Amino acid sequence: MFRTAIRLSAIAIASAVSVLLVLRDPSLSAQESPPAQSPTAPQSQPPPQTPAPPPRAVSRFPMRLALPRREYLCAGGARTVILVETKAARLTLNGHIYNMKEVETPSGTKYAEGTVVWSSTGEDGFLVDNADSSHPEMLAEECHLQSSYPPAAPTAGSINGTATFGSPPALPKDAVLIVQLRDLSHDADDPAAFLAEERIPIGARKTPISFALKFDPSKATAKIPFAVSASIMGHGKLLFVLVKAVTIPDIANPAPVHLALSRATSKKGQTPASPVPEAPHL
């Protein structure tokens, strides 16, 4: 009993000493029990931003591919490539580029850069330099369409055939074969009589001459009679003419025609053959 009392007294004295020490040096209590920190909610961090890719250089090459493209194979193995733009075209022949503008024509398509002219009807075309009007230079002739982008639509209407004119002396270099499709229900000088026309330079070509006369079938009613006429002009004069036009009995499914032209003469007492008039703009 006595020993227990002594132990309790010793514990009380030790506790009192500890309290006195804390009162004298408060840092001791701070070391023994660091202040509790109030819990804080974790702060949300924004996701890392991906740097924007650098701007890409705009290439004009895909735009060129998107332009309508026509490739022709011409006499002598020459190839002509045409990129068609709005009212213009870029033509390449033997590495030379022609930047051409569209020219109005009664039929077919025509582009020109200065005196250089590209003319095409349907799938055929030619390139000529008219710097010397009396002696045009054929840069590419007898050109036939080989490929196109987008694919060319099939020709709506076409009258194919050949034209002959015997064995005349050499034709002038500017000689042109003119083939026309006419509506016989109209007068010959009526602009509505002309449905189509094709002009083919033949200055250095020999007979027979092939042609493909393209026309709009919506303007050709089966009940109306039609005929094909032709002439050859050179040096501003009528050289040959088709005396009698060839009638087309079935315009919806025309058969190939053969045109035999005769030499135009103007002897005394005879009326010279009338030249084929200019077709109006269709």
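Biologist: Of the 282 residues of the chain, what percentage count as buried?
Modeller: 31%. Buried means under 20% relative accessible area, exposed over 50%, partly exposed in between (1.4 Å probe, protein chains only). This is a predicted model, where local features need pLDDT of at least 70 and side-chain atom pairs count only at pLDDT 80 or more, while totals for chains, interfaces and linings use all residues. Residues are numbered from 1 along each chain as its sequence is written, and side-chain values use heavy atoms, with hydrogens and water left out.

Biologist: How many helices and strands are in the chain?
Modeller: Three helices and 17 strands. They are DSSP runs, numbered from the N terminus: helices are H or I, at least four residues, and strands are E, at least two.

Biologist: Which residues touch the most other members of the largest nonpolar core?
Modeller: Ile159, Leu177, Leu181, Ile202, Ile232, Leu259 and Leu261, out of 29 residues. Such a core is a set of buried Ala, Val, Leu, Ile, Met, Phe, Trp, Tyr and Cys residues joined through side-chain atoms within 4.5 Å. Among the strands that each supply at least two residues of this core are strand 9, strand 13 and strand 16 (257-260). Apart from it lies another core, of 16 residues, including Tyr72 and Tyr111.

Biologist: And what is isoleucine 159 in contact with?
Modeller: Leaving aside neighbours within four places in sequence, its contacts include Leu181, Phe211, Phe215 and Val257. Contact means heavy atoms within 4.5 Å.

Biologist: Switching to rings. How many aromatic pairs does a search of the whole structure find?
Modeller: Two. One of them is phenylalanine 165 with phenylalanine 240, tilted, 5.6 Å centre to centre and 50° between the planes. Rings of Phe, Tyr and Trp (its six-membered ring) pair if their centres lie within 6.5 Å; planes under 30 degrees apart count as stacked, over 60 as edge-to-face and the rest as tilted.

Biologist: Are phenylalanine 165 and phenylalanine 240 buried or exposed?
Modeller: Both are buried.

Biologist: What about glycine 236, buried or exposed?
Modeller: Exposed, with a relative accessible area of 72%. Glycine 236 lies in the loop between strand 13 and strand 14. Its C-alpha atom and that of alanine 175 are separated by 9.0 Å, though the residues are 61 apart along the chain.
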